[in-house]
Amino acid sequence: MEITQLKKHKSFSGDTCFYSHMSKVTQTQMKFSCHFASQNLKADHCIIWLSGLTCTDENFITKAGAQKYFENTNAMILCPDTSPRGLNLPNEHDSYDFGSGAGFYLNATTPGYKDHYKMYDYVVKELTELAQKNFGVKTFSIMGHSMGGHGALVIGLREQKLFTKVSAFSPIVNPVQTSWGDRAFKGYLTDPKDWNNYDATELLKTGHKRKDMILIEQGLSDEFLETNLKTNNFVEAAKDNGQACKVNYREGYDHSYYFISTFIKDHIAFHLS
């Protein structure tokens, strides 16, 4: 699988790199960023980071301050874009919570979108194969923020054999109960029966659970906590269905990368332990 390096920066003992490639899954040019612990651009383990609404492949890698926590490891982190780009589908660019920058890490089934908005398959099938073939990766884990936290939880619950660990910052845990999820799922999915397949709380209720613990970080001053994140819904479903889950509620923290950068060290340690 051919990839093109767009830029590279030495960072600590490794390199932070930016790439593009033609995706067979989305049928568009896709970008991703990554950081390698060493400058040989190889790694045994890869953490895939999924970003939130309006983000690109560059938000996490430039704002989270994660690079130094890969020192003395044989790991990397890989951050894909949040949706296909360069299209002009109906309503694609009209709002921040649907379409461009808001792929929701699902496989769309609505006209037009079904041909390109397949971010679930892009992450699970294409990115992992890309990392294996180009960077020598042997194992994967997954984490993300907000919409990306939703993606990490859903993918982690459905693809347990592929991803060794799962964690999330401020995740949308029950999108079928939120305005963000309602807008996205109506736009991407033709059959309402498919909604629960992309909802972590509903997946727990139907027996999708991991044998290991899921780690979640949630700020108590997050302006979206009660309206669109619904953290407690996931906590209750985890209790009822035997899923080990640790949620760290952090007093005073909001939904921003200031929050993520404060606790990213703990999550990287969790993934690499």
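I searched the whole structure, a predicted model, and found 19 aromatic pairs.

**Entry 1: the rings around tyrosine 188**

I looked up phenylalanine 98 and tyrosine 188. Their rings form a tilted pair, with 4.5 Å from centre to centre and 35° between the planes. Where do the two residues lie? I find phenylalanine 98 in the loop between strand E5 (75-80) and helix H2 (119-135). Tyrosine 188 lies in helix H4 (residues 179-188). The pair therefore ties together parts that are 90 residues apart in sequence. I note that both phenylalanine 98 and tyrosine 188 are buried.

I then checked tyrosine 117 against tyrosine 188. These two rings are stacked, at 5.5 Å centre to centre and 25° between the planes. Tyrosine 117 sits in the loop between E5 and H2, and tyrosine 188 in helix H4, so this pair ties together parts that are 71 residues apart in sequence. Is tyrosine 117 buried or exposed? I read a relative accessible area of 0%, so tyrosine 117 is buried. Tyrosine 188 is also at 0%.

**Entry 2: a cluster, and lysines over rings**

Which residues form one aromatic cluster? I list Trp49, Phe60, Phe169, Tyr253, Phe259 and Phe263.

I looked for lysines over ring faces next. Lysine 7 lies over the face of phenylalanine 18, at 4.6 Å from the ring centre. Lysine 165 lies over the face of phenylalanine 270, at 4.9 Å from the ring centre.

**Entry 3: serine 167**

I moved on to serine 167, in strand E7 (residues 163-169). Its relative accessible area is 0%, so I log serine 167 as buried. What does serine 167 touch beyond four places in sequence? I find Ile142, Met143, Gly144, Ala152, Leu215, His267, Phe270 and His271. Phenylalanine 270 is 103 residues away from serine 167 along the chain, yet their C-alpha atoms are separated by 8.5 Å.

**Entry 4: glycine 144**

Glycine 144 is one of the contacts of serine 167, and I find glycine 144 in strand E6 (residues 139-145). Glycine 144 is at 0% relative accessibility, so it counts as buried. Its contacts beyond four places in sequence are Trp49, Leu50, Gly149, Ala152, Ser167, Ala168 and Phe169. Among them, Trp49 and Phe169 belong to the aromatic cluster I listed. Leucine 50 is 94 residues from glycine 144 along the chain, and their C-alpha atoms are separated by 4.3 Å.

Notes: Residues numbered from 1 in each chain as written. Predicted model: local features only at pLDDT ≥ 70, side-chain atom pairs only at ≥ 80, totals over all residues. Heavy atoms only, no water. Helix = DSSP H or I, 4+ residues; strand = E, 2+ residues; numbered from the N terminus. Buried < 20%, exposed > 50% of the residue type's maximum accessible area, 1.4 Å probe, protein only. Contact = heavy atoms within 4.5 Å. Phe/Tyr/Trp six-rings, centres within 6.5 Å; stacked < 30°, edge-to-face > 60°. Lys NZ or Arg CZ within 6 Å of the ring centre and 35° of its normal.
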